[in-house]
Amino acid sequence: MKIFLDTANIEDIKKANSWGIIDGVTTNPSLIAKEGKDFKEVVEEICSIVDGPISAEVISEDAEGMIKEARELVKIHKNIVIKIPMTSEGIKAVKTLTAEDIKTNVTLIFSANQALLAAKAGASYVSPFVGRLDDQGEDGMQLIEEIMQIFSMYDVATEVIVASIRSPLHAKLSAMLGADISTIPMSVLQKMFNHTQTDLGIKKFLADWEKVPKK
Ligand code: G3P
């Protein structure tokens, strides 16, 4: 499973990228707003750090506006993927952009039917939001299972990015279900490294090393 970082924070992106395990980055207007910097500048900087797909989201609500924004955004870097919300206008934009060889990531997916329609329009990626489904008492991972089943049955080329990940468990279950990608916030990625037995083990090895006679 590929791991994307779900953030627009440059320091976090640099840090995670230095670990050598980051395959791409996803942003959204809320993540960009948190940084308090110019959108284009932030995206440019991310592209200069991570050599992989970088999702940048459009804010227009009509297909024409989305297409116009997308054509400008792809000029920033060859790795830009246009993030488009799951609406009928969004899907119309995806169809046009796909014909122009522009990569798209259809976001705010909350049902298997939405994923199916996005795939039919030629989306490169779909982003189902698991955490937000859990928040309202539904089962986010159940949605991933449904989408993976449908996509594998019909050999769909669209890749599934599990988004709105809130815990290491979401990441593990995504991998177990064969999701192509998990886009993970820095706080969750850091937790994935940890295990109390690892910490205890290191402590014990170092304590025992002290007992080894040294020349
Ligand atoms: O990038 C989209 C998604 O991952 C947002 O997650 O935590 O705001 O539901 P969250």
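Trainee: How much space lies in the largest pocket?

Mentor: About 360 Å³. Keep in mind that this is a predicted model.

Trainee: OK, and which residues are closest to the centre of that pocket?

Mentor: Asp6, Asn28, Leu31, Lys34 and Pro185, out of 22 residues that line the largest pocket.

Trainee: Which helix gives the most to the lining?

Mentor: Helix 2, which puts in 4 residues. Helix 2 covers 29-35, and both helix 2 and helix 10 (186-193) supply at least two lining residues each.

Trainee: What's the lining like by class?

Mentor: The largest pocket is lined by 7 nonpolar, 8 polar and 7 charged residues.

Trainee: Which residues surround the ligand, then?

Mentor: Asp6, Asn28, Lys83 and Phe129 are there, along with Arg132, Ala163, Ser164 and Arg166. That shell splits into 2 nonpolar, 2 polar and 4 charged residues.

Trainee: And how far is Asp6 from a ligand oxygen?

Mentor: A polar atom in the Asp6 side chain lies 2.5 Å from an oxygen atom of the ligand.

Trainee: What about Arg132 and Ser164?

Mentor: For Arg132, a side-chain N or O atom is 2.6 Å from a ligand oxygen. For Ser164, the distance from a side-chain N or O atom to an oxygen of the ligand is 2.7 Å.

Trainee: How much of the ligand's area does the protein bury?

Mentor: 82% of the 320 Å² that the ligand exposes when taken alone.

Key: Residues numbered from 1 in each chain as written. Predicted model: local features only at pLDDT ≥ 70, side-chain atom pairs only at ≥ 80, totals over all residues. Heavy atoms only, no water. Near = heavy atom within 4 Å. Polar contact = N/O pair within 3.5 Å; in protein donor to acceptor, adjacent residues only side chain to side chain. Areas by Shrake-Rupley, 256 points an atom, 1.4 Å probe, with all protein chains shown as cover. Nonpolar A, V, L, I, M, F, W, Y, C, P; charged D, E, K, R; others polar. 1 Å grid on protein atoms, 1.4 Å probe; cavity = no way out; pocket = protein on both sides within 12 Å on 5 of 7 lines; lining within 4 Å. Points joined across faces, edges and corners; volume = space filled by probe spheres on them.
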